Amino acid sequence: SRWLRDYCIKLISVDMAKAFDSLTQQAIDQARISWGLTSGRFCNLLFNIQSLTFFVEGLKGAPNSKQYVQNQGVGTGGPESPAMFLMVLGWFVVAMQRYELRHLDRDILNAERALLPVRDIGFMDDLNFLVHNPVVAEMRLYFISKYGPWCGFYLELDKCWGMCLWNESSS
C-alpha cells in the first residue's frame, strides 16, 4: 500500500509486569475523572479499590486464607477489571500523545500521522505501537519508563519486543 512504500515501520510491543496487580489508585482516579466518571455511589464503589477485600480459597478441603485488604491493583477475577484496566491504559496513551505534542517537532508528528493513521493498540497488559521515526520510538519508551511507574506500569523487559516492517518500491 502507499503508506508503507519505501518506509521502515517499527512495531514495538511493550509488556507491563503484573499490570492488573500493580495499577495504582491515583491512576484509576485520574483515568476516571478524564472519562467524566466523577460522582455517584456506583462510581465510588466501582473505582475505590482500597475498599476491596479478598481471600485465597483452599483446595481439596484445605482452609481458606485470612481476608486481605486490596490496596493496589484491580482484581483479575472481577468482571469490571479488564474495562477498568483498559480505561487507565487508554488515559495513559492519551497522556503519552500529549507529551509528544509538547516535546516533538511538529513536522515529525505530522509525518507520523500521515504514514500511520492508527498508531496505538492496547490489549490486556500490552501496549503496541507503530512508529516510523526512531525519535518517536525513543520518546515513547522514555515516557513509559519514566511515567509508567506512577500508574503502576512497569516494563517486563524480557517480554518486550520490536520489529521493522518495510516494503521496497518496485521501481
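Predicted model: local features only at pLDDT ≥ 70, side-chain atom pairs only at ≥ 80, totals over all residues.
Which residues line the second largest pocket?

The lining of the second largest pocket consists of Trp91, Phe92, Ala95, Arg98, Tyr99, Arg102, Phe143, Tyr147, Trp150 and Cys151. Two elements each give two or more residues to this lining, namely helix H4 (81–103) and helix H6 (134–151). Helix H4 supplies the largest share, with 6 residues.

The volume of the second largest pocket is about 150 Å³. Rolling a probe the size of a water molecule over the atoms shows where empty space is left.

## Overall architecture

The secondary structure of the protein comprises 6 helices and 6 strands. Read from the N terminus, the order of elements is β-α-α-α-β-β-α-α-β-β-α-β.

Of the 171 residues in the protein, 35% are buried. The accessible surface amounts to about 10600 Å², and carbon and sulfur atoms account for 57% of that area. When contacts between residues at least 6 apart in sequence are considered, 71% of them join residues at least 24 apart.

## Phenylalanine 153

Phenylalanine 153 lies in the loop between H6 and S6. With a relative accessible area of 1%, Phe153 counts as buried, because this value falls under the 20% cut-off.

Leaving aside residues up to four places away in sequence, Phe153 touches Met16, Leu23, Phe85, Val88, Leu89, Phe92 and Gly148. One of these partners, Phe92, also belongs to the lining of the second largest pocket. Phe153 and Phe92 are 61 residues apart in sequence, while their C-alpha atoms are 9.8 Å apart in space.

## A nonpolar patch at the surface

Trp161, Met163 and Leu165 form a nonpolar patch on the surface. Together these three residues have about 280 Å² of accessible area.

Leu165 is part of strand S6, which covers residues 161–166.

Definitions and conventions:
Residues numbered from 1 in each chain as written. Heavy atoms only, no water. Patch = residues over 30% accessible without salt bridge, like charges linked within 9 Å, V, L, I, M, F, W, Y side chains within 5 Å. Areas by Shrake-Rupley, 256 points an atom, 1.4 Å probe, with all protein chains shown as cover. Salt bridge = Lys/Arg side-chain N within 4 Å of Asp/Glu carboxyl O. Helix = DSSP H or I, 4+ residues; strand = E, 2+ residues; numbered from the N terminus. Buried < 20%, exposed > 50% of the residue type's maximum accessible area, 1.4 Å probe, protein only. Contact = heavy atoms within 4.5 Å. 1 Å grid on protein atoms, 1.4 Å probe; cavity = no way out; pocket = protein on both sides within 12 Å on 5 of 7 lines; lining within 4 Å. Points joined across faces, edges and corners; volume = space filled by probe spheres on them.
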